Amino acid sequence: MIYTITTNPSLDYTVETDLVPGQINRTRSEAIYPGGKGINVSLSLQRLGQETRALGFAAGRIGQTIRDLLDDLGCPNTFLELKRGQSRINVKIRGAVETAVNGCGPELGAGDLVRLLELLEDVQRGDAVVLSGWAQNISLYVAILQQLAETGCMTVLDCSGEALWQCLSCHPFLIKPNLTELGTLFGVEDIEYGEAVELAHQLQLEGARNVLVSMGGEGAFLLAESRELYAANACCGPVVNTVGAGDSLVAGFLTGLRESGDFGKALQMGVAAGCATAFHHWLGTLEDTMALLDQVRVEKTAL
């Protein structure tokens, strides 16, 4: 089983319009999806044929709608009810440029954190747990990883900033920053590939075991704990959506790793899945991913 954790899920209202500030704008199309990085990973895993369950918190009528949408999509989920507030709504505007307005969502209390840790007591050694998204409470992320370390399961961390720094001491199996997040961690702008590899190694020295770095149109690379470097190109195609592409990369990587046990094939599957989402208006499917797989070439070198 691959569990995902989304502590602050959302209802994503996605519209297509040529946004003109200060005026009434009409949409050309609109859609409503369950959102949040962990949810995106679970939905992508489900589409790739993996057994998954989305975990987290939900509040109020909006939270119930998120659950209902996941149920309609056939995605197993357990979202603990929060007594205060409403789960957030995010607005994604697609036009000449992509614009997003993300809500805050309800705050978590100490009792809520305990309930989530209790929910994770069912995790076993052969499972994987993906913890992703903005950390409302960094101590919660650390507590989750510390508890999971006792099970010996595979932990995947996709967050940024101070939350990532503080979680490295828990030795997650995999972390997935993008180039911008990687550069921000070290105060470096316009980061280049060679420099990115060196900074990924620095994150390993801080505690990360394997570092997967997404590079947008340049593909992705994986620096394994064995000091082997895997680099993959991106697929060719029109990018119509960047929301969820990194989450699909994580889902594809885990799918490839579970099916083959090989980091190179895992990276190939991950990049194909990420591109499949980038080339479509929502999350890519297994068919979309397999159609792109042969475009992804992986080169392996030893450092």
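In this predicted model, Q268 is found in helix 9, which spans residues 263-278. Leaving aside neighbours within four places in sequence, Q268 is in contact with L293, V296 and V298, and a polar atom of the Q268 side chain lies 3.2 Å from the backbone oxygen of V296. The C-alpha atoms of Q268 and D294 are separated by 8.6 Å, although these residues are 26 apart along the chain.

Helix 9 also packs with helix 8 (residues 245-260), the two axes coming within 6 Å and crossing at roughly 150°, in a right-handed sense. Among the residues that make this contact are L249, F253 and L257 of helix 8, and F263, L267 and V271 of helix 9. The residues of the contact divide into 11 nonpolar, eight polar and one charged.

The sheet is open and has 10 strands in the order 5-4-1-8-9-10-11-12-13-14, with mixed pairing. Strand 5 (77-82) and strand 14 (298-302) stand at its edges, and each has a single partner strand, so one side of each is left without a neighbour in the sheet. Strand 1 (residues 2-6) pairs with strand 8 (residues 128-132) in the parallel sense over four bridges; within this pairing, V129 of strand 8 is the bridge partner of Y3.

| Helix | Strands crossed | Angle |

Terms used
Residues are numbered from 1 along each chain as its sequence is written. This is a predicted model: local features need pLDDT of at least 70, side-chain atom pairs count only at pLDDT 80 or more; totals for chains, interfaces and linings use all residues. Side-chain values use heavy atoms; hydrogens and water are left out. Helices (H or I, at least four residues) and strands (E, at least two) are DSSP runs, numbered from the N terminus. Contact means heavy atoms within 4.5 Å. A polar contact is a pair of N or O atoms within 3.5 Å; within protein, one must be able to donate a hydrogen and the other to accept it, and residues adjacent in sequence count only if both atoms are side-chain atoms. Axes are lines fitted to C-alpha atoms, for helices over the stretch in contact, and angles run from 0 to 180 degrees between N-to-C directions. A crossing is left-handed if the near helix is turned anticlockwise from the far one by less than a right angle, and right-handed if clockwise. Ala, Val, Leu, Ile, Met, Phe, Trp, Tyr, Cys and Pro count as nonpolar, Asp, Glu, Lys and Arg as charged, and the others, Gly among them, as polar. Two strands pair if DSSP finds at least two bridges between them.
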